[in-house]
Amino acid sequence: MTGVNAPHGPAEDGLTPDRLLTTTRSVRRRLDLGRPVPVALVEECLRIARQAPCGSGRNAGHWIVVTDPAIRAAIGELYRKAFDRYVSSPASPGPAGEAAGPGPGRAGGENPWAASRRRSLDSAGHLARHLGEVPVLVMACLDSGGPLPGGSQAGLWGTLMPSVWSYMLAARARGLGTAWTTAHLAYEREIAGLLGIPPGVHQGALIPTAYYLGDTFRPAARPPLQGVLHHDRW
């Protein structure tokens with residue numbers, strides 16, 4: 001049985017809505033690369049994801065579920081090249097292992113936010129080396145009917161991006177791990193050729209999907225709310 005009202009697969013005990021929202025992480029190191037994922041389970045998650053808000057009721061999102069080993073390997077190679085380019089660029093926080101250093105809050109130790117960034121970069125490098133081995137790659141696409149318009153595109157992408165997060169939440173509730181990735185966009189044209197994506201359809205996110213290893217996840221370290229909260233005006 002599938003569909004929005006279908007029963008959930010295995011889930012953690014006590015996975016309340018708040019816990020689901022605060023502990024659904026980008027899973028990079030703990031993806032089980034050797035365990036197949038039923039396509040029907042991925043489709044169930046996507047049916048739920050399509051209930052997410054979309055601008056003006058427009059359903060412009062399309063989803064490509066990639067399981068073919070050769071295509072996954074080709075995407076993985078392009079993703080690795082894109083990640084290596086990113087790590088060596090000024091936009092990167094630095095090579096893995098150099099993204100953190102001493103900082104306030106830990107006498108003589110590592111700043112907790114910098115430590116979190118270092119761990120994220122290390123795990124992102126691990127995913128980049130193994131992306132092509134992940135059992136399922138889900139490509140979220142937006143059909144704009146032509147080239148992307150100039151100016152603000154918030155409303156346009158707002159028809160797709162909430163569904164990506166909803167997919168990740170639905171997957172987590174069913175024992176699957178996911179990661180929201182965009183590094184592949186450096187080779188968007190090449191990947192479009194691999195997947196037969198037509199003109200006017202734009203890639204928004206690539207979501208590796210697999211069962212995860214281990215028991216649970218915990219909330220991530222984040223700076224205090226008061227540092228980013230504004231009332232009435234900036």
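This is a predicted model: local features need pLDDT of at least 70, side-chain atom pairs count only at pLDDT 80 or more; totals for chains, interfaces and linings use all residues.
The axes of helix 2 (residues 39-49) and helix 6 (residues 161-173) come within 8 Å of each other and cross at roughly 135°.

**The pairing of helix 2 and helix 6**

- The crossing angle is roughly 135°, and the two helices are therefore oblique to each other.
- The crossing of helix 2 and helix 6 is right-handed.
- Helix 2 contributes V42, C45, L46, I48 and A49 to the contact, while helix 6 contributes S163, S166, Y167, A170 and A171.
- Sorted by class, the residues in this contact comprise 8 nonpolar and 2 polar ones, with no charged residues.

**Cysteines**

- A disulfide is a covalent bond that joins the sulfur atoms of two cysteines.
- The structure holds 0 disulfides.
- C45 is among the residues of helix 2 that make the contact with helix 6.
- C45 counts as buried because its relative accessibility is 0%, and the cut-off for buried is under 20%.
- C54, by contrast, has a relative accessible area of 22% and is therefore partly exposed.

**Histidine 184**

- H184 lies in the loop between strand 3 (176-178) and helix 7 (188-195).
- Although H184 belongs to a loop, this residue is buried, with a relative accessible area of 0%.
- When neighbours within four places in sequence are left aside, H184 is in contact with Y79, M139, I191, Q203, A205 and L206.

Conventions: Residues are numbered from 1 along each chain as its sequence is written. Side-chain values use heavy atoms; hydrogens and water are left out. Axes are lines fitted to C-alpha atoms, for helices over the stretch in contact, and angles run from 0 to 180 degrees between N-to-C directions. Helices (H or I, at least four residues) and strands (E, at least two) are DSSP runs, numbered from the N terminus. Angles under 35 degrees count as roughly parallel, over 145 as roughly antiparallel, 65 to 115 as roughly perpendicular and the rest as oblique. A crossing is left-handed if the near helix is turned anticlockwise from the far one by less than a right angle, and right-handed if clockwise. Contact means heavy atoms within 4.5 Å. Ala, Val, Leu, Ile, Met, Phe, Trp, Tyr, Cys and Pro count as nonpolar, Asp, Glu, Lys and Arg as charged, and the others, Gly among them, as polar. A disulfide is a pair of cysteine sulfur atoms within 2.5 Å. Buried means under 20% relative accessible area, exposed over 50%, partly exposed in between (1.4 Å probe, protein chains only).
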